[in-house]
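Q: I have a structure open and want to read its features residue by residue. Can you take me through it?

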Amino acid sequence: MTQAVSAKEQMAWAPRAGFLRRWEQALADRLNPLLVKEARQGLKSRQFAFTFFLALVSAWVWSLWGLAASEFYEMTVNQEVGREMLMGYLVILGVPLLIVLPLAAFRSMVGEHEDGTYELVSITGLTPGQVVRGKLASVLLQGLIYFSVFVPCVAFTYLLGGVSLLQIAVLLVVGGSVSIGLISVGLAMAVQSSSRHFQMFVFVGLVMLCMFVYLLCMILASEHLWWGASDASNPEFWSAVAWVVCLIGCYSLLMYSVTRAQLIPRGHNRSTAVRVVMLICGAGWVGGTAWVVQLTKGEYAAEVWQLFQLALFAHWFVACFFILGEQTEVTRRIRLQAPRSLLGKALAIWLQPGPTLGFFFTLFGCAVQMLVALLVLLQADALRRTDEVIAYVAALTSYVAFYGGMGLLAMRLLRRWVVPSVVVSLVVALGVFTLFLGMPLMYELLVYSVPFQQFRWYHVFNPVVTLDEIDSPTGGTWDILIVLTPVAVAAAGIHLPALWREIRALRHTIHSTATAWPDSPSELGSDQTQPSHPFEHLKSPAD
Amino acid sequence: MKRSQPAIEVYNLHRFFGTTRAVDDVSFQVHPGEVFGFIGPNGAGKTTTMRILATLDQPSFGNAYIAGFSVVEEPEQARLRLGFMPDYFNTYPYVNVWEYLDFFARAYGLRGARRHQAVQEVMEFTGLISLAEKPTRALSKGMKQRLCLARALIHDPDVLILDEPAAGLDPRARVELRQMIRHLANQGKAVLISSHILTELGEICDSVGIIEQGRLKAAGPLELIRQRINQYSVLQLEVLSDPQQALGLLQQHELVGEVHLRNQHVLWAQFRGDKVQRAQLLSYLVNQGVKVAEFSAQEGSLEEVFLSLTQGQVQ
């Protein structure tokens, strides 16, 4: 009887089970192949087993120690216990999420190139975007496994009291976002150079960055746990959290597109997507500016606005130097994908590959976004000195033009001997900074012993001194701009012929491609276009 | 034999690295079912050409087509139709043979039962079934080479590009590889193969391309190349009649070079001509009353052709 019922039940379940199996199969088929492979490979690795075991043991030890301590001090119902326990768990969980995973992502990507396996992957149907997403997803899967260990522990701290669900949620969401950001940075850094020495250097840099971010996150988490209990009722707190998460998301997207671009074969368009994301990140800072200006309601609006403009300047300044390392070669592939419509040529031409186009893109991007931010400030009517903020925008934009122009000039000279890359861009940046910032500093130290005591003409190249001078009520703002702006215009202007050449190369080749080279073998078949075969006479009569 | 549209078409391919012309105006075609041997000294430009065909590099000038798709304009389409086996056998150490092939099957977009079938079939073809669960790091070089061939075949490509596939293999593995390649060609796949072992290529290839300093010195069926470079084949004749008569007739023939009387009945003659012309020569001798007991031709090997076309220069 029991067997009969069981058989009946099985028959009733069979179609559903079959459906589930098919659904599961279909889902498994649609998973990113790299995620499947990395999951199989990564979860078998010693690194994961060791870190996971260590995190597990640490969580247990902390739980037992925390409980024992709270018993000892008779603090079982004391509100501090949950808070302190949670902080301890965050300190432990932060190590795999903010240090181990970014480094694992870095090693995983470097390993593909070192072992020569990436070439084999690149000629499959997988796109560079799928490769990066696969790597990212596999590392996040590891993160999820680490996190699963801590879920009961975090729930336990909530039961102990002292922390609200909202506080826990905020910490985990922000922590998770920072982790994704660092993993993206790790992936982006891994593909910048195949040189072992450079990778060692980058690895050390990544370790330091991860540790710095880890410490910063722990300080902010403790600040929030101990002093931020009332933050939940404050809408400004939530908008700040949302903005920070959005900004981290934007820069993660930038890192993703940079990694993807590096994996795209040389000769293809690597630039457009990265430049679009650069604009989005810049817009993130402009949005932040608008929000802060509205929030401060005019009280400290100009000061906070200046801080955000410095961040926006840093964004475009760094972007400019990275773009200088772009390829100059305009291949047929790039030409074919270049915009053809009038509107497309006018707008999207700035998104096409080429160092000079890239330089002017960053310059225009910086200028336009700073002007938008300036309009936001003007609209809020929160100005004490209008000339000060206008001078700020002019000076910051001029610095992008001047240093970018000088960098591009140096890069153009270096292209004769070296192939441009991120490493070369960094060397160029270092050289330009040494020339215009380091040398005057050295000069002042040697001649006057104490630098920057008095504003001198060569300080005009130093943004720190100049902005401080502009900020000062007694500063000679316009004297500085009279020197700085023409110099910046000249630095950018010398590249106008090169800009024209790059634009013409894109336009010229779009028209000439069809006649210069046949696009398909069928065209080759026609008598007019078929190139002469050098060994035609060797073909057998059967051909 | 009526041949269809070429599976590989290379037109005026150039690849410059600074002032070095790694590939300099290379053109050739490979048809479905054909095994094309790519021969040249180290640094001649073989690997660069193969990498361009595999869409791993871009030509400075010229174009190449894989199954009709340009490697420059439509590399995504070309990739789906080619299987590339580079001259290194790197694999993922922490996955087993089945997982490795399953990954590449997924990467080529194979799904569900089709993927399982593809993995099963290539493992059977390359003899890896018994090693399915073995980690790739534990495989011997010969087995890794089979695994790489299986990977290149997983999506059933029309074109196979094999860069030095026999390098470092023992004699048995080489023979097995040769058989597999011949089998694949018989299935209609176009195979472009490079190797330094010319005797092996001579046995397996339908046609060859000889490259040196980036320039293709010759391409096509070996016999036609031999004719082009005026290379003689050696005829051996055993005559039962007067050998002096045969000697005189041969010396007068326009396609015959030097003739030697090796002994009382056997003659050696240098002959420049194809099979048809050889048959005509035999017929001529018989018609002139020469009693021919044996008539055989020894053609110059691929090595001889290679050495006569190249100077051993590298760039």
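Q: Which residues does I334(A) touch, not counting residues up to four places away in sequence?
A: Contact means heavy atoms within 4.5 Å. By that rule I334(A) touches G267(A), H268(A), N269(A), Q327(A), E329(A), P353(A) and L506(A). The model is predicted: local features need pLDDT of at least 70, side-chain atom pairs count only at pLDDT 80 or more, and totals for chains, interfaces and linings use all residues. Residues are numbered from 1 along each chain as its sequence is written, chains are lettered from A and ligands numbered from 1 in the order in which they are written, and side-chain values use heavy atoms, with hydrogens and water left out.

Q: How far apart are I334(A) and H268(A) in sequence and in space?
A: They are 66 residues apart in sequence, yet 5.7 Å apart in space, C-alpha to C-alpha.

Q: Is I334(A) buried or exposed?
A: Buried means under 20% relative accessible area, exposed over 50%, partly exposed in between (1.4 Å probe, protein chains only). I334(A) has a relative accessible area of 1%, so it is buried.

Q: Is S194(B) buried or exposed?
A: S194(B) counts as buried because its relative accessibility is 0%.

Q: Which side chain does S194(B) join by a polar contact?
A: A polar contact is a pair of N or O atoms within 3.5 Å; within protein, one must be able to donate a hydrogen and the other to accept it, and residues adjacent in sequence count only if both atoms are side-chain atoms. Here the side chains of S194(B) and D163(B) are joined at 2.8 Å. S194(B) also touches other residues, including F38(B), K46(B) and M50(B).
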